[in-house]
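Me: Could you walk me through how to read a few features of a structure like this one? I would like the general idea each time, and then the case at hand.

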Amino acid sequence: MSLLGDLLLLIGCAVIAIGGLGLLRMPDVYNRLQAGTKTATLGAMSVLLGIGLHHPDWWAKLLVIAGFILFTNPVGSSTIARAARASGIKPWRVNRQDLE
């Protein structure tokens, strides 16, 4: 179990790092929300599962943390997206002249 826990911890950290890179590379707030929310959720779940395999007596606490993350990440990202839309931020679009 220790090897599987270590592997899940590495996967979770890699996913979170890729999400951080996505936050830097994406062109607008809507794409950044997508990159940040999806990778933070998947990365955090992998890290929590890896920690749970290392410390089996912590499962109850880790489930509460996972439930909180699974509930608050989508709600927070949709609230930020609605606020950005209400404030007039337009989604990024590719100009056809730039492609040719």
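**Reading burial, contacts and patches**

Reply: Happy to. Let's begin with contacts: setting aside residues up to four places away in sequence, Thr39 touches Val15, Ile16, Gly19 and Ala44. Keep in mind that this is a predicted model.

Me: Where does Thr39 lie?

Reply: Thr39 is part of helix H2.

Me: Does Thr39 count as buried or exposed?

Reply: The general idea is a cut-off: buried means under 20% relative accessible area. Thr39 has 18% relative accessibility, so it counts as buried.

Me: And how should I read a value above that cut-off?

Reply: Between buried and exposed, which means over 50%, there is a partly exposed class. Ser2, found in helix H1, is partly exposed because its relative accessible area is 43%. Gly76 sits in helix H3, residues 59–86, and its 27% relative accessibility makes Gly76 partly exposed as well.

Me: What does sequence separation tell me about distance in space?

Reply: Look at both numbers for each pair. Ser2 and Ile51 are 49 residues apart along the chain, with their C-alpha atoms separated by 9.6 Å. Gly76 and Gly52 are 24 residues apart in sequence, and their C-alpha atoms lie 26 Å apart in space.

Me: Now a charged residue. Which side chain of opposite charge is nearest to Asp28, and how far away is it?

Reply: The general idea is to compare the distance with the salt-bridge cut-off, which is within 4 Å. For Asp28, the nearest side chain of opposite charge is Arg32, 6.7 Å away. Asp28 is buried and has no salt bridge.

Me: Which side chain joins that of Asp28 in a polar contact?

Reply: That of Asn31: the two side chains are joined by a polar contact of 2.9 Å.

Me: Where is Asp28 placed, and what is it in contact with beyond its neighbours within four places in sequence?

Reply: Asp28 is in the loop between H1 and helix H2 (29–54). Leaving those neighbours aside, Asp28 is in contact with Lys90, Pro91 and Trp92.

Me: Last one: which residues form a nonpolar patch on the surface?

Reply: For a patch, the general idea is to look for nonpolar side chains with over 30% relative accessible area that lie within 5 Å. Here Met1, Leu4, Leu7 and Ile11 form one, and together they have about 410 Å² of accessible area. Take Leu7 as an example: this residue of helix H1 (residues 2–25) counts as partly exposed because its relative accessibility is 46%.

Methods:
Residues are numbered from 1 along each chain as its sequence is written. This is a predicted model: local features need pLDDT of at least 70, side-chain atom pairs count only at pLDDT 80 or more; totals for chains, interfaces and linings use all residues. Side-chain values use heavy atoms; hydrogens and water are left out. Patches are made of residues with over 30% relative accessible area and no salt bridge: like charges are joined within 9 Å, nonpolar side chains (Val, Leu, Ile, Met, Phe, Trp, Tyr) within 5 Å. Accessible areas come from the Shrake-Rupley method with a 1.4 Å probe; for residues, only the protein chains shown count as cover. Helices (H or I, at least four residues) and strands (E, at least two) are DSSP runs, numbered from the N terminus. Buried means under 20% relative accessible area, exposed over 50%, partly exposed in between (1.4 Å probe, protein chains only). Lys and Arg count as positive and Asp and Glu as negative; His and the chain ends are not counted. A polar contact is a pair of N or O atoms within 3.5 Å; within protein, one must be able to donate a hydrogen and the other to accept it, and residues adjacent in sequence count only if both atoms are side-chain atoms. Contact means heavy atoms within 4.5 Å.
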